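Welcome! Please take a look at the chain shown here, and then let us walk through it together.

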Amino acid sequence: MYEGRIGGITNMVRGAHAGTNDANTYTVGIAMMGTFTNVQPVLATRAAVADLVAWRFRLAGLPARGTHTLDGKSVQRIIGHRDVKATECPGRLGYAWVTSGLRSSVHQRLSAAPPAANPAPTPTYRWPAPSNLRVTGSDASSLSLAWNQVETAKEYVVQVSTNASMSGATSRAFSTTSGRITGLKASTTYYARVMVRHSKDGSALSPWTAPLSRQTAAPAPTYRWPAPANFRVTDRQATSLALAWNQVSTAKKYVVQVSENASMSKPMHFAFSTNSGRVTGLKPSTTYHVRIVVRHSTTNEALSPWSSVISGSTFRWPAPANLRVTGSDGTSLALAWNRVDTAKKYVVQVSENASMSKPRYFAFSTTSGRVTGLDPSTRYHVRVVVRHSITNQALSPWSPVVSETTTADVPPPPTYRWPAPANFRVTGSDATSMSFAWNRVETAKKYVVQVSKNPSMSKPMHFAFSTNSGRVTGLDPSTTYHVRVVVRHSITNQALSPWTSTVTGSTTAPAPPGPTYRWPAPANFRVTGSDATSMSLAWNQVETAKKYVVQVSRNASMASPQHFAFTSPSGRVTGLDPSTTYHVRVIVRHSVSNEALSPWTDVVSGSTKAAAGGSGVNDRTIGSATSIPFKGRGFGHGIGMSQYGALGGSQSGAMASTILARYYPGTTLADSSRYIRVLVTADNDGSLAVLAASNLRFLQGSRSIALPTSVNGAKVSHWRIEPLASDRRQSTLRYKSGSTWRTYQDMTWSGAADFAAPTMRLAMPGGGTVTYRYKLRAAQASSTSTTRQTVNVVHLDDYARGVVPREVPASWPDQALRAQSIAARTYGLRSISSGGWYDICDTTSCQVYGGASAETARTDAAVASTAKRVLLYQGSPAFTQFSSSSGGFTNQGSQPYLRPVNDPWDATTANPNRSWTQNVPVSTIRARYPSIGTPQRLRITQRNGHGADGGRVTSMQIIGSSGTVTVTGPAARAAFGLKSDWFAF
């Protein structure tokens, strides 16, 4: 039996026990199977041992005879174990053969001609090395690693070493695309790499990745006190946050750290002597991450660890200034305040209580307004805030409260010159209009008809008539409308009568095929200009038309078109391919219902211009430079949809369907309603705990139990599913009352179990909670697993609600959010399988998913407007990969619909990664590729041919004083930490 190690077939490699002492580090150990105290080794054993020793000596270039100093002793080169250790091994007769016959046999073999060389074949692998190996966390004794999924791989092996050559490495196997390596030394640089291994026979199914390096943290310090408790944000302003925390013993100095980054990089620091304070000089409309520590008031030594990080956002603007009462009567107050920048919505809060409890709210679009419906002789307290006109998000803090008392007098109801017009009635209707009539009112010269879809007459339309009948137009077909009429002064518009009672009428269904249109097609449609990626168009205005839709296709038949909407008689269609002929036409549509109000124009044609090339070079001599600037484009792998490209497309008027058709050509939209199992990776303490709630249920097998909020009169704060202490393959249900955990109803079971509720709060191992929808499952990887993994079982639409705001900003245009919603939902659908205990993870290795805690009103609206919509290719869910930025041309993926496409939308001014420059230290190049010696030259030898500079790098040479290595563009990106594999020098 010979113990070997990877690389030891053709090289002298240190053995598996290397490092214990010289006897284990600088020897080759061969074990003979058997006990040789009273029995001689058989011939086959002796021949095999002699062959092995001769092979190793020939590889090392050593003679069989001679001595060597080992562990302070001078010994023969071929020895028995008892030569250096006082043991019986290898037995009396075995030792006699080793010290006599073995040395002669090896000498004879070495004296003969060496066997013909049979070079080891170049290994072939099922898959390439896992991509995107990265460190996701570290502390003093461990590193957390993650990498991308490799197709259907079931086992990965991570190798960790303190040497860049990976000698002396230790290995760990994992069944998922992430894992933690423990038992490491503090303040030590480790190198790590990963490969795919067969889960049964252990054979390599991929090559190793290039090693990455990371230093473990210093040992955790000891502190005088724990971190300050109850750290919280107590007030927000446009440029400051007020904070408070519990007093720590006799602490005299607290330091607050503030950063725009969750990693707390590039922080600001603020010192306070009491347990509260305000951090100032912040940016408006920005989320900040803050934590606090106790420090010595003189030496600044840390006397506590940092608290957990909390977050708070500044407002976009300060509170509206100069809020004042400008008038009052018995039932209302008139208010005014100063304008706040470009604010479009102000909300006034009114209460009879100085604490502002039980308030009423009034919204205004200008800097003044009247709050009505108040009681006479009553003191009211009011304040104003700026809110978003769509999402209602607060964009400023509340103003200071001002107070005023209404007068004792209630204004009399208005008096009118005439009563309301009598006999108001519907006299006819069609698909888009209704006719009305009423009795004439004396000498009235102006009647106004109010029309609304709502019985409350909210969001009305108004039509003026000079006679006692008229027709209101522009209505929606098959719709019920509520109408009333009033007499108004023909000049001042003052009401001269009250409104009539409301009457109701309905429009008819749309006309059958052979449509009639309100207007003819827009005239004089023409191409007015073009560049490489867009065309400018113009046409004559059509009366009062408010919406024009342009259809663009490469086919004269107008098949597979894109659509762009405009509000004026000209516009630019973007996202086109260079040097391509396009066919275009325009139509008038209703601005709300999208109904066609004209026929299409005749088709006209135009061509885009050729694309401009890049300015980078492919060959760079390093010389005496200490760093090399890499000039690149895009961010991420570039396959499928560019998220910034989707933003640019939506800014250009493209619909979500047009955006998706560009990035996933050949796919089709369809509906799917499924549930997905999402692994909650951060809940990694081996159990599942949720906060108690009135609607929480426990589900296991046929059990369905409503979980109480109190047991035996004691309030329950938490419920937890955990392994049974006596047999961790079994589970039990426990609850927390006060500080004590107790078992509930002595239940035990095998397999998975769920907590279920419309929403529930998951208690995280590090403190805090995250809200999830539908079910949280305590799952076991197998029937013998002794830990539990938390899985959120959730509908695909609710899953998308938790993904979209984590992948793109919620402030982006609606069509970009819709495109991201469909891509995220489809990515999840493709991951659903019938096996395993989860379908998808919640990190960047899959899609980032934050549960219900991540949801926002704008992204929820985008998900709802695309409910159930997914992309299919030939009837199966598409692999909707996406990345931050394509750089102007997407990358080739693994599917027919993931092909390179020109992406001018990616050039939106909001994209910080359309082009970039990164300086890579020469020391980094040498550290990543030590075999080349001193780096001398970088040469790009092959590109994919798509885009500026010839496109993405597919092959490059790194040339040094001792040799040359050839690597792929993605490998260079990973080695040098570049944003993408599209770069030049």
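Of the 985 residues in the protein chain, 44% are buried (buried means under 20% relative accessible area, exposed over 50% and partly exposed in between, with a 1.4 Å probe and protein chains only). The protein chain exposes about 47400 Å², and carbon and sulfur atoms supply 50% of that area (accessible areas come from the Shrake-Rupley method with a 1.4 Å probe, and for residues only the protein chains shown count as cover).

Before we go on, note that this is a predicted model, in which local features need pLDDT of at least 70, side-chain atom pairs count only at pLDDT 80 or more, and totals for chains, interfaces and linings use all residues. Residues are numbered from 1 along each chain as its sequence is written, and side-chain values use heavy atoms, with hydrogens and water left out.

## Overall form

How many helices and strands does the protein chain have? There are 10 helices and 62 strands (DSSP runs numbered from the N terminus: H or I with at least four residues for helices, E with at least two for strands).

The C-alpha atoms fill a box of roughly 135 × 75 × 65 Å along the principal axes. The radius of gyration of the protein chain is 38 Å, while a compact globule of 985 residues would have one near 30 Å (taken over C-alpha atoms; the globule rule is 2.2 Å times the number of residues to the power 0.38). Among contacts with a separation of 6 or more, 63% are between residues 24 or more positions apart (contact means heavy atoms within 4.5 Å).

Helix α7 (residues 814–831) packs with helix α8 (residues 857–865) at an angle of about 65°, and their axes are 8 Å apart (axes are lines fitted to C-alpha atoms, for helices over the stretch in contact, and angles run from 0 to 180 degrees between N-to-C directions). Residues of α7 that take part include Leu-817 and Arg-825, and those of α8 include Ala-862 and Val-863.

Now find Asn-891, in the loop between β57 (882–883) and β58 (916–921). Asn-891 counts as buried because its relative accessibility is 12%. Leaving aside residues up to four places away in sequence, Asn-891 touches several others, among them His-637, Arg-952 and Asp-981.

Thr-170 belongs to strand β6 (residues 170–174). Not counting residues up to four places away in sequence, Thr-170 touches Val-158, Gln-159 and Val-160.
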